[in-house]
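Subject: The structure we talked about

Hi there,

Here is the structure I promised to hand over. Have a look at it first, and then read on for what turned up.

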Amino acid sequence: MADQEGQTPQLERRKVLAAIGMLGTAAVVGGLWNGNGNAHADASVLNAVYGSDSEPFRMKLRELLHMDLCIATTIVSLRACTDPVQDFLYYVKDSGQEGPFIYDPTDNTSPDNTGTVLVSSSGARFKRLYTGRVEVKWFGAKGDGTTDDTAAIQAAFDYIVGSPSRSLFFSEGVYLISDTVTVPYVHASGIHISSDNAWYGRARIQAANSSFSPMIRCMSGGVKLSNLYIRGAGAPQDGIVMKMADAPDNNIDAYNDLDSIVEDCLIMVLRIGLDVYGRQLLVKDNLFSSLYLGVRINSMNSTGLYGGPSRAYRIHDNSFHAVKWSGTDHSEMGCIVVSSPAAYGLSIQNNFNDSFATFFYGRLVDSLLANNACYHTVNYGCYVLEASNSTISGNNFIQARRYNEVPGVYPSYASRGLVFAESATYMNVTGNRFGYCEKAAIRFAKGGKANVVSQNIVYRWNLSADGSAAIEVDAPGYAQIASVFSDNMIVNPDNRPLTAIRGSEPASSGNRFVGNNACDTVPGSTTMYELAQEPFEAYVRADRVTSGQVSFTGDGITAVRQIPHGLGSAPEAGDYQVGAASAAAAAAGVWAESADATHIIVRFVTAPANGAEVKLNWSAIHSQ
């Protein structure tokens, strides 16, 4: 064959084999020369042709040419080729698309995708030899910040879901897109899309404008997105949507099992950074910035056998910066929003929020929210809708006034640390720190039952002077029943006439208040209790309330456990509770199914994983 690079004679097979290396012989002889059409080669083939990095790569090409091993060519030349030779290696030298191809005479159907298959004017199929990850630039993406790379990235996504490696790599550059790019559905995919480094100056997927949304849609489960810098053009554009409800087949697993990971990504200048539907997702070590909303958890698709509540989310070690805070619809702004009305089994830990936005908004059931650091908040640290069987522990909620002592600079302060907007039951609120709240630090807006609020620190509250107490136990018409408020430290350094703990509903009963401390420098500045009834009620005795924590190692099989409660008789329904106290317990989903005279029977949605450390908090009250 003659092309723009000149004539190269046909080679003997022994010469080709000697150059490629005997370790690659089986792959090349069995797969390529015998005509099965497989364009994926053994590592020795790649090393013989490419070398280990880009500079030796070009030296190898020169050496191979001197050996009369391959033809240096271009994509244009291969597409114009009319007389391909089966035993030749055709080395494409187009910038960013370099690599060896071979002619496959057995294939007359594969479409040209620019990256791994090239079709000539005569219908010949040339297939790329590669091992390991696939490069998005093979498919024609330029990454120069001016060329529209939408079609090239889509071609790469279409190929990767069925490729042998299922690993797609974005090298350094700015990849401009003008429309949504979609990872197509494939069952149990195991796809990895990544770059070397997500941070500034490396690989970036950039929206050309905000007229389309989302930027990336994942319709497949088992997808890992890592080290990607995704930058939008502003609202109403969304960043990443993971939703399998549009899967083209009726596979019952396809609708909800995300089984996916988003980690080490920079996601910014969008309405919603990550919008997810389904269950089983890890969101870790990402930076969400300049957004209306960071992560939103939506309802699962109800179609199919496994449709139901969203669950098993782990949102750990992320940072949230410059998230929207002004407005009244908190479901449309904030760091983490649960819009699903039936979500449970969430683990939200070790995140950092230095924006003015509410950190968490939504339902918190059978979940763990722990060790998060939230600063500058103007609205709420956490605004919890339905709350049950969950732990909120070890968090820092420091409101915006801490960083702006002059009132009026930021309008309409209404910040509270933690608000339970609906009746809360069996909640464990322990070891949190609340500071500089405009109103209450902890508020039960509609009362609750069998909650524990213990060992929290409140430092400065009621800065808007509306009369709020540091901890609002109940509200008019909404009683708090059989709950414990103990060992909380309420600090009033300004010695203003304030109330530490208030309960205004006469129907509240059976609550226990013990060991709480109001700290001020002028004795008497802080009223410890304002309660409709006495803080200690005689018929609730310590020996009739039991609680504790149990731990065990999961075996991946056992989904039912028994916890001895020590009451001596069976508690009534509603008078016992259990909550997740570890990530493994939250991921498994747990509830107290029943109780007898000796034990609380606990059931998990899925058996805790083998070797997982499972911790549960429990409590029970003797029947009246």
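Let me begin with a pair of strands: β53 and β54 (residues 599–604) run antiparallel and are joined by 5 bridges. Strands here are DSSP runs of E with at least two residues, numbered from the N terminus, and two strands pair if DSSP finds at least two bridges between them.

A word on what you are looking at: this is a predicted model, in which local features need pLDDT of at least 70 and side-chain atom pairs count only at pLDDT 80 or more, while totals for chains, interfaces and linings use all residues. Residues are numbered from 1 along each chain as its sequence is written, and side-chain values use heavy atoms, with hydrogens and water left out.

Back to the sheet. It is open, has 3 strands in the order β51-β54-β53, and its pairing is antiparallel. The edges are taken by β51 (560–564) and β53 (590–595), each with a single partner strand, so one side of each has no neighbour in the sheet.

Next, S619, which belongs to strand β55 (residues 613–621). Its relative accessible area is 14%, so S619 is buried (under 20% is buried, over 50% exposed, and in between partly exposed, using a 1.4 Å probe and protein chains only). Leaving aside residues up to four places away in sequence, S619 touches T546, S547, D575, Y576, Q577 and I600, where contact means heavy atoms within 4.5 Å. With Q577, the side chain of S619 makes a polar contact of 2.8 Å; that term covers a pair of N or O atoms within 3.5 Å, where within protein one must be able to donate a hydrogen and the other to accept it, and residues adjacent in sequence count only if both atoms are side-chain atoms. S619 also lies 8.3 Å from Y426, C-alpha to C-alpha, although 193 residues separate the two in sequence.

Now for the rings. The structure has 18 aromatic pairs, counted when the centres of Phe, Tyr or Trp rings (the six-membered ring for Trp) lie within 6.5 Å; planes under 30 degrees apart are stacked, over 60 edge-to-face, and the rest tilted. Y90 and F126 form an edge-to-face pair, because their centres are 5.3 Å apart and their planes stand at 75°. This pair links distant parts of the chain, with Y90 in strand β4 (residues 89–92) and F126 in strand β7 (residues 125–128), 36 residues apart. Y90 is buried at 0% relative accessibility, and F126 is buried with a relative accessible area of 0%. Elsewhere, ring pairs link F420, F444, F485, F513 and Y529 into a cluster.

Two arginines sit over rings as well. The charged end of R133 is 3.5 Å from the centre of the F169 ring, and that of R561 is 3.9 Å from the centre of the F552 ring. For this, NZ of Lys or CZ of Arg must be within 6 Å of the ring centre and within 35 degrees of the ring normal.

Finally, some backbone details. Most residues other than glycine have a negative phi, and most peptide bonds are trans. The bond from S213 to P214 is cis, with omega near -5°, and the one from A235 to P236 is cis too, with omega near 10°. A322 has a positive phi, near 55°, and lies in strand β24 (residues 319–323).

Note on methods
Helix = DSSP H or I, 4+ residues; strand = E, 2+ residues; numbered from the N terminus.
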